[in-house]
2 protein chains.
Amino acid sequence: MITKQVTLDHGSGGEASHELVHDILISRLDNEFLQQLDDSAEVDLSGGRFAMTTDSYVVDPIFFPGGDIGSLAVHGTVNDLSMQGAIPLYLTLGLLLEEGLPMEDLIKIVDSVAHASQEASVKVIAGDTKVVPKGNLDKIFINTSGIGSIPQGVDVSSHNARPGDQILINGDIGDHGIAILTSREGLDFKTGLISDSAPLNSLVSSILEVSSRIHVLRDPTRGGVATALNEVAGQSGVGIQLFEDSLPIAKPVVAASEILGLEPLYLANEGKCLIAVAPQDADSVLSTMKMDKYGKNSRIIGEVIDKNPGRVLLKTKVGGTRILSMLTGEQLPRIC
Amino acid sequence: MITKQVTLDHGSGGEASHELVHDILISRLDNEFLQQLDDSAEVDLSGGRFAMTTDSYVVDPIFFPGGDIGSLAVHGTVNDLSMQGAIPLYLTLGLLLEEGLPMEDLIKIVDSVAHASQEASVKVIAGDTKVVPKGNLDKIFINTSGIGSIPQGVDVSSHNARPGDQILINGDIGDHGIAILTSREGLDFKTGLISDSAPLNSLVSSILEVSSRIHVLRDPTRGGVATALNEVAGQSGVGIQLFEDSLPIAKPVVAASEILGLEPLYLANEGKCLIAVAPQDADSVLSTMKMDKYGKNSRIIGEVIDKNPGRVLLKTKVGGTRILSMLTGEQLPRIC
């Protein structure tokens, strides 16, 4: 019996659990794997290289402008695989539910998982649901783990940036962070901004077809563009220089960041990809990105340099240079 | 800087996160995959059939007699893969931490993950850590997802039980459930009982070598032996008959169950495997199980029958028969 709220019974492994799995989950995420209802899913991976990843999502609020924790959990893991140059194939879905969660909310979130999976052409092939007593977690947390295949010849890694590489991004910076923050209770100024949460596997596939000289793919989620590029600079042993003039940042993000005392380059993004590509391929990659649904506002925002290894520098509009360090301290808990 | 408690900074994606990942995680789960520190791990799966699974662990208390949430998370996912006949290869580790969790506790748990992974010969190849503000979850929850390879010729599934199959189990029933319950605050009677939490991949490999007629492998976790066998009976369209006389249940479990009003056949197990095997192979499988570290008290406890499809029957000691239905209601929240 599907009740109006999630109850502890729904996590018991008994009858109520089975009904939840059948009526709420399987019916929405329907595929030949889940129907088996065995403890794990069997997949046929015929040779080659594969990427595997895991991510938990604890975003607050669970519904936000531009998405919800369900779509975010699919996009985030699809993107983690894509950043490896992998074609995402299969996801697992681990639901952690608080007793009393409105069933309506769970259904909306599972629908959203189903929809996002379809758009990204991935299948949810195994799942797990745990319910904890009221007060033991806040509403719902989701883990998605995933596996994808890496096409022959693809070699992208945060270790591969080389001096001369151009740094590209597929659109505006900081939308997710501000969309979440301004949708929280008590921060009720309207920006009209929506999260950029989106699957990037299609965009990544397109650019990997156009260029064999893409060295780095990185999604600037928690910690933002500055932190992600610091990781790349550190791991590749290079410097990275950004041009403030070229950074695409929407006006509401600039305005909200000023009011809240935040720096857009440290805000989380959930549908953005940083790319380091050899200079001779930068233009063709850029124009390919612009043709993608999620790349219309793509830009070249910086370049890899051989000075200042491990550092990210910002060339400011007024001609100065400042160091962008890694994020220290937590700006925004539960941003994803 | 590793502080005495987990702080929100540790989940920021910034510097403190990096220190946590390096100093607490990578140093303990060291392998060539994690060292890459990319968003996902690349694995080489050369052809064949693979099983994939996910499970979240919310056990309370996080340290209990016979294990902790870390070892449990590894054993549980290793066993889910094993129940598919798969050889577990790779795990991902998703940590959800409450702000203020003592760092000492986290370290003990990660050590326990490392130790359990070594024993089960699996590698943790990707991870994710989120920290939520105090009060947003209770201490620590863990998701482990895993992938394993299925050897040629193996065909085990909850759909495959056939009349005549013997039902075996590798030891005592209900230890985990009672160990957890009696270690909770307020239930302070000493049973001396420890959880059976253990990796079963080695036992499963051994019996799959001995018999090609193993039809079903199933771990009776949440919902216990009765619920797991109800699933098998339903999915295979057969009846299953258990002999009360043959059920291995330790005296403290019987006693504690009586006091607490619980039924051992519905208690969770975390190191047990139910097996349905063709009758001609039952003895050789049983003796192979008994040679395994985790199978010393193995028994034949029942058989598959062609009557009563979808039902599990218990032949009682006094000669009666009663129906064991699926678990209804939640006996024990946060048992795993």
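## Aromatic rings and charges

Two rings do have a lysine over the face. B:K108 lies over B:F63, at 4.4 Å from the ring centre. B:K130 lies over the face of A:Y57, at 5.5 Å from the ring centre. A charge sits over a ring if NZ of Lys or CZ of Arg is within 6 Å of the ring centre and within 35 degrees of the ring normal.

## Basis of the model

This is a predicted model, in which local features need pLDDT of at least 70 and side-chain atom pairs count only at pLDDT 80 or more, while totals for chains, interfaces and linings use all residues. Residues are numbered from 1 along each chain as its sequence is written, chains are lettered from A and ligands numbered from 1 in the order in which they are written, and side-chain values use heavy atoms, with hydrogens and water left out.

## Backbone details

A cis peptide bond links A:D60 to A:P61, with omega about 5 degrees. A:P61 is in the loop between β2 (49-57) and β3 (63-64) of chain A. Helices (H or I, at least four residues) and strands (E, at least two) are DSSP runs, numbered from the N terminus. In chain B, the bond from B:D60 to B:P61 is cis, with omega near 5 degrees, and B:P61 is in the loop between β2 (49-57) and β3 (63-64) of that chain.

A:S121 is not a glycine, yet its phi is positive, about 55 degrees. This serine is in the loop between α4 (103-119) and β6 (123-132) of chain A. A:S121 is exposed, with a relative accessible area of 59%; buried means under 20%, exposed over 50% and partly exposed in between (1.4 Å probe, protein chains only). For B:S121, phi is also positive, near 55 degrees. B:S121 is in the loop between α3 (103-120) and β6 (123-132) of chain B, and B:S121 counts as exposed at 60% relative accessibility.

## Strands and domains of chain A

Strand β12 (residues 299-305) of chain A runs antiparallel to β8 (residues 166-169), joined by four bridges. Here A:I169 stands opposite A:R299. Four bridges also join β12(A) to β10 (residues 239-243), again antiparallel, and A:G239 has A:I305 as its bridge partner. Two strands pair if DSSP finds at least two bridges between them.

Chain A is divided into domain 1 (8-149) and domain 2 (166-324), with bounds from an automatic or database domain assignment. Their C-alpha centres lie 27 Å apart. In domain 1, 20 residues are in contact (heavy atoms within 4.5 Å) with 24 residues of domain 2. The area buried between the two domains is about 1,700 Å², of which carbon and sulfur atoms give 58%. A:P65, A:N79 and A:M83 supply 32% of the area that domain 1 buries against domain 2, more than any other three residues. Buried area is the accessible area (1.4 Å probe) that two parts lose on being put together, summed over both.

## An enclosed helix in chain B

Why is helix α4 (residues 175-183) of chain B largely enclosed by the rest of the structure? Eight of its nine residues are buried, so the helix is largely enclosed. Among the buried residues are B:D175, B:H176 and B:L181. Their cover includes β3, α2 (69-82) and α7 (251-260) of chain B.
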